[in-house]
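User: I am new to this structure. Please take a close look at one part of it with me.

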Protein chains: 2
Amino acid sequence: MSRERVVDAALEFIDANGLPGLTMRRLGEQLGVEAMALYRYIPSKEELLDAVVESLVAQVRADDVVLDAPRDGWQDFLQRLAHGVRRTALTHPKAFPLVASRPPEAPWLRPPLRSLDWVETFLAGLVEEGFTDEAAVEAYRAYTSFLLGHLLLEVAVHGADLGPLDVLDDETGEPGASRHPTVSRLRGPLSEDRSAVEFEEALEALLDRLTITRNEHLAD
Amino acid sequence: MSRERVVDAALEFIDANGLPGLTMRRLGEQLGVEAMALYRYIPSKEELLDAVVESLVAQVRADDVVLDAPRDGWQDFLQRLAHGVRRTALTHPKAFPLVASRPPEAPWLRPPLRSLDWVETFLAGLVEEGFTDEAAVEAYRAYTSFLLGHLLLEVAVHGADLGPLDVLDDETGEPGASRHPTVSRLRGPLSEDRSAVEFEEALEALLDRLTITRNEHLAD
DNA sequence: ACCTGAACACCGTTCAAGT
DNA sequence: ACCTGAACACCGTTCAAGT
């Protein structure tokens with residue numbers, strides 16, 4: 001038994017049973033131990049959830065595609081990072097929303113992301129690639145809100161935080177053509193999952209925007 | 001006592017004490033009644049939270065600036081809608097994340113937002129303004145992920161879901177210049193709150209993108 | 001050193017009983 | 001018709017006691 005084993009088990013448990021299902025007592029059971037034993041390794045459930053988020057961040061860094069620093073330019077760097085985060089989000093759809101909902105490590109940071117390591121990698125990479133300080137900060141903000149928005153929605157599609165086996169009520173899902181005629185008529189296209197393509201397109205559009213602001217800042 | 005009074009009290013309670021603090025027993029207390037009495041008006045806590053989300057959506061619609069249908073073109077329509085949602089999000093920063101975390105009303109919808117009424121208003125408005133079905137659906141996706149990403153981060157800045165009075169630990173907030181030199185150096189610009197300007201800029205950029213895809217779809 | 005049993009203060013929710 | 005008391009099955013967490 002170890003802290004790492006507890007955190008890993010927690011992530012597995014969330015993947016399998018959803019966030020609301022996670023309980024110290026049930027987690028203990030899965031590890032063949034009483035709940036009270038877990039407190040040897042983590043001080044509280046809150047800190048356990050923080051540790052799960054850390055473990056997700058570490059997983060992004062361990063991704064082959066992600067680089068610690070730019071190699072083929074900042075656009076390539078940000079592309080790899082975005083795809084790395086996306087891959088982790090899709091691997092752990094039920095745990096990923098934690099990244100957005102845990103209280104931040106550095107409250108003065110706008111926006112206050114959890115992982116300072118991640119922010120450091122991001123900013124240092126861009127500055128290294130010739131971004132001014134202001135352009136790097138602006139890029140950080142645009143990039144994080146883009147990633148968060150896309151991935152939270154995409155992850156919700158993959159059955160995010162419905163509980164364990166919430167029977168999906170197909171009746172309620174039926175539009176009721178009278179109240180929502182347009183939704184009803186567009187049901188075909190609306191139920192298509194185009195998230196991969198849209199992610200690419202939006203990322204491309206964002207990088208274009210960043211190129212412009214980068215050059216504006218350099219010109220000053 | 002009435003369902004409406006219970007839902008309103010729940011929203012007030014979340015605004016004041018944070019989402020984790022909301023308890024049937026404490027909510028009852030605030031209403032001068034035992035927790036069990038609430039079950040006359042709502043079937044469960046889960047449905048109470050759904051009702052809170054509905055109430056937030058209703059608040060957006062009641063906003064003076066928001067229109068039920070386009071009047072001065074679709075760009076004006078989407079601008080008003082975005083600002084209406086933002087205003088509600090900033091008025092209820094601790095409750096707003098519920099909008100993104102409740103299980104969806106229509107699971108087949110990609111992405112599966114909670115309020116079908118909202119989706120209907122959005123799509124019907126754009127189609128009325130000459131969007132093809134496909135362009136309207138694409139716009140729906142780009143627009144929702146933009147709004148969600150921006151507002152969740154902005155709302156997190158305004159002290160979203162820290163519990164009631166989590167003493168903010170300024171020490172932990174200190175960068176520790178050694179581990180995060182860039183974050184530390186950029187602390188000034190990073191702690192400035194520029195969310196309002198950035199919201200405008202990103203919204204503008206999105207509307208430009210939508211104009212392009214709209215015209216592409218019309219040309220087909 | 002590591003785990004457990006019992007206990008405490010809380011949850012959401014049900015239901016018979018009170019007014 | 002509306003609320004309450006008591007109860008049930010759960011929580012997170014502490015701590016003395018066991019091995």
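Which side-chain N or O atom is 2.9 Å from a base nitrogen of DNA strand C?

Analyst: It belongs to A:Arg40, whose side chain has an N or O atom 2.9 Å from a base nitrogen of DNA strand C. That is a polar contact, a pair of N or O atoms within 3.5 Å; within protein, one must be able to donate a hydrogen and the other to accept it, and residues adjacent in sequence count only if both atoms are side-chain atoms.

This is a predicted model: local features need pLDDT of at least 70, side-chain atom pairs count only at pLDDT 80 or more, and totals for chains, interfaces and linings use all residues. Residues are numbered from 1 along each chain as its sequence is written, chains are lettered from A and ligands numbered from 1 in the order written, and side-chain values use heavy atoms, without hydrogens and water.

Chain B reaches the phosphates. A polar side-chain atom of B:Tyr39 lies 2.6 Å from a phosphate oxygen of DNA strand C. For B:Arg26, the distance to a phosphate oxygen is 3.0 Å.

Now the wider surroundings. There are 16 residues around DNA strand C, each with a heavy atom within 4 Å of the strand. A:Glu34, A:Tyr41, B:Arg25, B:Tyr39 and B:Lys45 come nearest.
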